[in-house]
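The exercises below are to be worked with the sequence and the structure side by side. Please try each task before reading its solution.

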Amino acid sequence: MYRETEIIKDAPQFGEPGFGDLVINVGPQHPATHGVLHLIITLNGETIKDIKPNLGYIHRSIEKMCESLTYRQFIYVTSRMDYLSAHINNHACALVVEKGLQVEVPERAQVIRVLFDELTRIASHELWWGAMAMDLGAFTPFFHSFRERETINVIMEETCGARLTMNYYVPGGVMWDLHPDFQKRVKDFITLYKKKIHEYDELVTGNIIFQNRMKGIGYISPEDVISYGCTGPVARGSGVHSDIRKVSPYSIYSKLDFDEVLETGGDSFARYVVRIKEMHQSIKIIEQLIDNIPEGDFQAKTKAVLKLPKGEYYQSVETARGELGVYIVSEGGTTPYRIKFRSPGFSNLSALNHMIKGGKIGDLIAAMGTLDLVIPDIDR
Amino acid sequence: MFIKDYIKDIASALKSLATGMKMTGYYFTHHKEIITEQYPDNRDTLVLAERFKGEVVMPHDENNEHACTGCTSCELACPNGSIKIITKFDVDAETGKRKKAIDTWVYHLDLCTMCGLCVEACPTNAIKMAPTFEHSVFDRNKLVKKLNEDGSKVRAGVE
């Protein structure tokens, strides 16, 4: 630890580079960081010179924990990574285990999974929309987005038994069949969504203060998106074709009719527009499937004890934030030898310094809001 | 040109402000479309979803019998070790054979993450998830529960 005199001795003198710089800490407990993210920001006046994200405050060693859990048990832990798209995380894990076991998932289970994935995506984007508007000082949008999100949560609660960390997907299908009210509830949700979605544009998108704070802020070029490994709406906001549902389709996504949303702005506003349009695409997918849920089993027959053959397995899915990859090395036992999660939040956060360097500190919050960071996903 | 852009900016700002305020006014005058939801204080009339995963319970019938054979499937399925089953040997009154049965079904609610894997694993449907949501207690020892009631035994015919 530095004593006081040593800090003064180390500080740059007048004329030296770095003189007059102010180092401030945003977080780890800060309302604008959506969790325990610690940013060490070097400021010159109000201009940002450098941002160092300091991670690890919510590190729970999920990857190591998974090594001692069986292939049925480890799925529930991944709900705690990116808790806003818990279903999609579970989907990735279920897919990779099914790939190893070479289990054919029933058609009904696949449709149920895609339906819940898209509902999760809408719920996640709605929470993001409210939270981002709250970052910029608007409190009302949060309630508006939570009205629709609550409807989705009720659907989840009824079928999966939980509202956030569902653990509904199991290797070979889903845990239980759909609740009898499911279709009616989803149709009610679509009606509500279509009736109320114009409020989002009226309240926030069209607002001139909001647009001035978003346009041209946090620009990242397509080349930098690729070199930083950003995925999801961050990449698509810069015009990089990166939707895993289109690039390497999994489950039944190749049979569905939906568009990959691409914007070319590369700034915060483009990322905002991508997420808003993605919600419409998710609604389009749900509308295609909700009346066409095939009859049949909801779960394939699997053995009581799952053992993956020796080898390496990888599967990536498109979560609400980007590409989530699950990599399993199996030695042939009941538990994985090694698990690695490629989480979208980590790569997206690493581009933050590049995006905002030279900008103002107020822009940092706007740019960080559109990255849609979930800290437990970054730290795992 | 500058003046023209300046006036245009002001006009569009006022327009967007009016659009936002129009909606605020709509919700101000329509009290029935209230958005916020209250904490469920109405415990007696509150109906939670039947599948809601609140805690693990073991249903007993009117003869104080349950369906748990003590096979420890749930204990093996639990990822957190929140289930511990202590077994004993019962002597059958008619045949005189020693038979394995549960002595205590220990449930650590404080370790449980409500994943539902134990219910999924149970071969006799002896346990289920109950829709309760308020678990806070002042003493953490109260979260360690014994699910089988005193003097209960396995229902006849459950293997």
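**Exercise 1.** How many of the 29 residues of α5(A) are buried?

*Solution.* This is a predicted model, in which local features need pLDDT of at least 70, side-chain atom pairs count only at pLDDT 80 or more, and totals for chains, interfaces and linings use all residues. Residues are numbered from 1 along each chain as its sequence is written, while chains are lettered from A and ligands numbered from 1 in the order in which they are written. A residue is buried if 20 or more other C-beta atoms, placed from the backbone, lie within 10 Å of its own. By that count 23 of the 29 residues of α5(A) are buried, and the helix is mostly covered. Helix α5 of chain A covers residues 107–135, and just after α5(A) comes A:Gly137, with a positive phi of about 105°.

**Exercise 2.** Describe the overall build of chain A.

*Solution.* Begin with the secondary structure of chain A, which comes to 16 helices and 8 strands (DSSP runs, H or I of at least four residues for helices and E of at least two for strands). Next, 46% of the 380 residues of chain A count as buried. Finally, the C-alpha trace of chain A spans about 75 × 50 × 35 Å along its principal axes.

**Exercise 3.** Examine the contact between the chains.

*Solution.* Two residues are in contact if their C-beta atoms, placed from the backbone, lie within 7 Å. The contact takes 21 residues from chain B and 20 residues from chain A. On the side of chain B that touches chain A, α1(B) gives the most, with 6 residues.

Key. Buried ≥ 20, exposed ≤ 12 C-beta atoms within 10 Å, placed from the backbone. Expected span 1.5 Å × (residues − 1).
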